[in-house]
Amino acid sequence: MKFFRAEAVVLKAREHKEADRILTLFSLEHGKLRVMSYGSARPSSRKRGAVQPFCRSRFFFTRSRDLARVDQAELLEFFPQIAADVDLFGLASYFAELVDGFTVDEAPNRALYHLLVESLRILDRDSGVLARAFEIRLLSLTGFGPELACCVSCRQPVGLTGPPALSPKAGGAVCAECRKGYTDALGLSAGTLQMLRRLGEGDLRRVLTLRPNPPTRRELKQIMARTVAFHLGRMPRSLGLLEGLQRTDA
Ligand SMILES: [Zn+2]
């Protein structure tokens, strides 16, 4: 039997029997963990407040054979705006689904953990810009970041012989010539490509001061949705929750 602890965000809590929950956690120390939390759905459970989706909590576990078991959980931080706002709940669900989908069990990724926590803290800012910054950073941190500096195929600067495009299959930007070889390539304005580079760099809060215009936002949303779906192998399920979101533009 092994005891261990971790600070983690609850990505998912699935019902198991009446009062138990199987949790998917993303932890600072161990990456993604699937664990069993016995009795945590009971109103009297002391763990209850700390094992809800999107809470950041400190967990103490015991591992014997199968799933590790949560012995104790202490709430460190919760994000009240997520519970109070259906749009922000949708956005948080999207972030959690991407972290779950782009990571494997027990592979620590501290930078991704900090990206997730910081994004949950500022969810109610410009959600459209935050969602794009989250997507591009998550892809980079998990090894799927698109090459944006030059044409991924011929290594020449893009935009010289025609409008640039981005191909998820090629793994980044392609010039007007090389684009012909990639049927999934989506044309972008040079401004959108530049915005995509800036969204992936520097302090996340500073990035939220960027103000892309509506056509750029639409292009960013379309190309990132396509890139995320390509690497995930499917459309994210929680995108449905985001569909009706007018206010957040996510
Ligand atoms: Zn090229």
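Visitor: How do the residues of the lining of the second largest pocket divide into nonpolar, polar and charged?

Guide: Ala, Val, Leu, Ile, Met, Phe, Trp, Tyr, Cys and Pro count as nonpolar, Asp, Glu, Lys and Arg as charged, and the others, including Gly, as polar. In this case the lining holds three nonpolar, two polar and three charged residues. Please note that the model is predicted: local features need pLDDT of at least 70 and side-chain atom pairs 80 or more, while totals for chains, interfaces and linings use all residues. Residues are numbered from 1 along each chain as its sequence is written, and side-chain values use heavy atoms, without hydrogens or water.

Visitor: Which residues line the second largest pocket, and what is its volume?

Guide: A pocket is an open set of points on a 1 Å grid over the protein atoms alone, where a 1.4 Å probe fits and protein lies on both sides within 12 Å along at least five of seven lines; lining residues have an atom within 4 Å of a point. Here the lining consists of M36, Y38, T62, S64, R65, D66, L67 and R69. The volume, which is the space filled by probe spheres set on the points (joined across faces, edges and corners), is about 180 Å³.

Visitor: Which strands hold T62 and R69 as bridge partners?

Guide: Strands (E, at least two residues) and helices (H or I, at least four) are DSSP runs, numbered from the N terminus, and two strands pair if DSSP finds at least two bridges between them. R69 in β5 is the bridge partner of T62. Strands β4 (residues 56–63) and β5 (residues 68–77) are antiparallel, with seven bridges, and form a hairpin with four residues between them.

Visitor: What else pairs with β4?

Guide: β1 runs antiparallel to β4, and eight bridges join the two; in one of these pairings, F4 has F61 of β4 as its partner. Three residues separate β1 and β2 in their hairpin, and K17 in the turn has a positive phi of about 55°.

Visitor: Which residues lie nearest the centre of the largest pocket?

Guide: They are L11, K12, S93, A96 and E97, out of 14 lining residues. About 330 Å³ of space lies in this pocket. β1 (2–16) and α2 (86–101) each supply at least two residues of the lining, and α2 gives the most, with six. The lining divides into six nonpolar, three polar and five charged residues.

Visitor: What is the strand order in the open sheet of three strands?

Guide: The order is β7-β6-β8, with antiparallel pairing. The edge strands, each pairing on one side only, are β7 (172–174) and β8 (186–187). β6 (residues 165–167) and β8 share two bridges, and L166 has L186 of β8 as its bridge partner.

Visitor: Why is the arrangement around the zinc ion called tetrahedral?

Guide: Donors are N, O and S atoms within 2.8 Å of the metal (3.2 Å for Na, K and Ca), and sites may look incomplete because water is not among the atoms. Four donors count as tetrahedral if all angles lie between 85 and 135 degrees. Here the four donor atoms subtend angles of 101 to 117°, so the arrangement is tetrahedral. The SG atoms of C151, C154, C175 and C178 coordinate the zinc ion at 2.3 Å, with the sequence spacing C-x2-C-x20-C-x2-C. C154, in the loop between α4 (127–141) and β6, and C175, in the loop between β7 and β8, are 21 residues apart and link distant parts of the chain.

Note on methods:
Four donors count as tetrahedral if all angles lie between 85 and 135 degrees; four count as square planar and six as octahedral if opposite donors are over 155 degrees apart and all others between 65 and 115; anything else is irregular.
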